[in-house]
Structures are given as structure tokens and as C-alpha cells.
Amino acid sequence: MEHTVKVEGGEVWADDSGGSGLPLVLLHPGIADSRVWEPVLPELTARYRVIRYDARGFGKSPMPTGPYTQTGDLRRVLDHFGVDRAVLAGSSMGGRTVIDFALSDPGRVAALGLLVPGVSGYPKLESPDLSAEIVRLAQAGDMDGLLALSLRTFAAAGSAPDARAAELVRDSFRGWFSTYGHEQPERPAFDRLSEIRVPCVLLLGEQDTPRLVACNEAMAARIPGCRLVRVPESDHLPTLRAPRTVVRVITDLFGRVG
């Protein structure tokens with residue numbers, strides 16, 4: 001069932017599959033919206049109560065108009081649905097958010113599923129050359145060029161025309177541009193990963209960018225008991241490239257929850 005969730009200074013779109021038991025909350029990457037989970041939703045909703053939502057500016061959620069944090073919005077979503085504790089699965093940007101939330105609200109997190117996650121505070125995660133090219137293309141209004149660059153960088157495992165990845169990435173540009181200056185940084189998390197004390201699995205796409213592969217390896221080494229799953233056929237969109245592996249990873253994670 002679709003919901004409009006009030007968050008500080010705005011609202012987000014969310015969907016709740018319904019059901020009982022420990023909920024699973026899905027957070028999408030910054031190169032897509034919550035539709036990125038559609039390849040795995042049928043199997044996950046058959047097993048669990050699944051909640052997913054679009055971050056501000058992405059998908060069906062309105063653009064932000066003032067300052068906000070991703071963890072603050074996640075907290076409001078959990079509160080809206082009456083969820084005291086959940087398994088959190090986040091991809092890329094969503095992974096960064098669930099890590100930040102696990103460090104700030106550990107009692108509300110039963111387990112963490114991290115798919116090609118980002119993390120604040122990791123040195124040299126961003127490529128200055130890539131960032132500069134994104135800015136150049138955006139300022140020139142070259143959305144086709146920006147899409148081509150994004151697909152080469154983040155969706156290297158796909159084959160042309162890779163229509164689904166292209167649709168998701170192109171639609172995410174609204175979120176890229178509308179959140180700038182509004183989303184507030186969280187406390188750096190990389191040096192605090194050893195504080196995480198819940199079951200955790202990190203899925204690494206071996207065709208992802210070398211910087212993120214190195215970051216994910218370092219993250220898995222720092223999180224106590226974290227299981228690292230390498231997926232040779234995946235890039236930065238594992239739910240599109242390896243949906244069965246994603247379902248298996250999340251199902252196994254539920255089996256580790258105490």
C-alpha cells in the first residue's frame with residue numbers, strides 16, 4: 001500500500017507490502033529510485049513485510065525545499081509505520097544511510113544488508129576527474145552525455161541498450177540536482193564501523209568502480225563479523241545484475257538475526 005510520509009519540512013513516498021514479523025526496509029542508491037528493487041520484490045514480499053521509499057527528490061517523492069538528513073527521514077518512515085526494529089538493506093547511497101542510522105540508533109536495527117554501499121569519511125572515495133566531468137556536462141545541459149558517462153561508470157556490466165538501467169539512471173538526475181545544498185552531512189562513519197554490533201553482509205560488485213571496490217573491501221574488514229559477498233557479474237546495480245544473489249543474501253541475513 002502506498003503512503004505519503006511526513007518528514008521534517010517535507011514528505012516522501014513510501015510503500016508497505018503488509019504482513020507480520022520483523023520488517024525489511026529497503027533504501028535505494030543515488031543512481032536510481034525505489035523501482036531498483038522491483039526485480040527482487042516478489043520473492044522478498046512473499047517472505048517478509050517489505051517497506052521501501054523514495055528519498056527526497058527521487059522517484060515519487062517531492063524535491064526538498066529546506067535542510068534535512070537522510071537518517072532523519074529514515075527515522076520518520078519507521079515511526080510512520082510503527083516499526084521499532086527492522087532489518088535495513090541499503091544500496092550505495094542507501095547503504096551509507098543505513099550505516100549512519102545503525103551508528104546513531106543501534107537499538108532500532110536488527111541487521112544490515114549493504115549492497116555496494118557508500119560510507120562517509122572514507123578517503124578518496126570520490127574521483128575528482130569524474131566529479132568535474134559530471135559538473136561540466138550538467139552545466140552544459142548535456143543530459144545525454146551525462147547519462148552515457150553514468151552508464152559507463154556505474155553500469156559497466158550491462159549490454160547496450162541496457163534500457164532499464166538507463167531509465168533509472170536518467171530519472172535519478174532530478175534527485176542529484178534538487179538535493180544539492182539541502183541534504184546535510186552526517187558525522188563521518190568510516191572510522192566508527194567497528195561500533196556496529198548487528199549481523200551484517202556486504203555485497204560487492206566486482207565490475208563496480210575500483211575506488212568503491214577498495215572502499216567496500218575496507219568496510220567489510222572493519223565491521224565486526226561482516227560477511228563479504230563478491231559478485232563477479234555485478235556493477236553498481238546488483239538488483240538488476242544479480243537479483244537471485246541479492247535475495248539469497250537478504251534471506252541468509254534474516255537467518256542470522258537473534
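**Close-up views of a predicted model**

View 1. G30 counts as buried, its relative accessibility being 14% (buried means under 20% relative accessible area, exposed over 50% and partly exposed in between, with a 1.4 Å probe and protein chains only). The model is predicted: local features need pLDDT of at least 70, side-chain atom pairs count only at pLDDT 80 or more, and totals for chains, interfaces and linings use all residues. Residues are numbered from 1 along each chain as its sequence is written, and side-chain values use heavy atoms, with hydrogens and water left out. G30 is placed in the loop between β3 (24-27) and α1 (41-47); helices (H or I, at least four residues) and strands (E, at least two) are DSSP runs numbered from the N terminus. Leaving aside residues up to four places away in sequence, G30 touches F58, S92, M93, S172 and W176, where contact means heavy atoms within 4.5 Å.

View 2. A disulfide is a covalent bond between the sulfur atoms of two cysteines. With the criterion of a pair of cysteine sulfur atoms within 2.5 Å, the count comes to 0 disulfides. The closest cysteine sulfur to that of C200 belongs to C226 and lies 3.7 Å away, which is too far for a bond. C226 is accordingly in no disulfide. C200 is buried at 0% relative accessibility, and C226 is buried with a relative accessible area of 14%.

**View 3. Aromatic ring pairs.** The whole structure holds 4 aromatic pairs; rings of Phe, Tyr and Trp (its six-membered ring) pair if their centres lie within 6.5 Å, and planes under 30 degrees apart count as stacked, over 60 as edge-to-face and the rest as tilted. One of them is stacked: the rings of Y48 and F254 have centres 3.9 Å apart and planes at 10°. This pair links distant parts of the chain, with Y48 in the loop between α1 and β4 (50-53) and F254 in helix α9 (residues 243-255), 206 residues apart. Y48 is buried at 12% relative accessible area, as is F254 at 15%. The rings of F173 and F177 form a tilted pair, with centres 6.4 Å apart and planes at 45°. Both residues lie in helix α6 (residues 163-178), 4 residues apart, about one turn of the helix. F173 is buried at 4%, whereas F177 is partly exposed at 40%. Ring pairs link F173, W176 and F177 into a cluster.

**View 4. Contact of helices α2 and α3.** The axes of α2 (residues 70-80) and α3 (residues 93-104) come within 9 Å and cross at roughly 75°; axes are lines fitted to C-alpha atoms, for helices over the stretch in contact, and angles run from 0 to 180 degrees between N-to-C directions. The two helices are therefore roughly perpendicular, a label for angles of 65 to 115 degrees. Helix α2 contributes Q70, T71, L74, R75 and L78, and α3 contributes M93, R96, T97, D100, F101 and S104.

View 5. A cis peptide bond, with omega about 10°, joins A160 and P161. P161 lies in the loop between α5 (143-154) and α6, and D162 is found in the loop between α5 and α6. Phi of D162 is near 45°, a positive value in a residue other than glycine. S92, in the loop between β5 (86-91) and α3, has phi near 55°, a positive value in a residue other than glycine.

Key: Angles under 35 degrees count as roughly parallel, over 145 as roughly antiparallel, 65 to 115 as roughly perpendicular and the rest as oblique.
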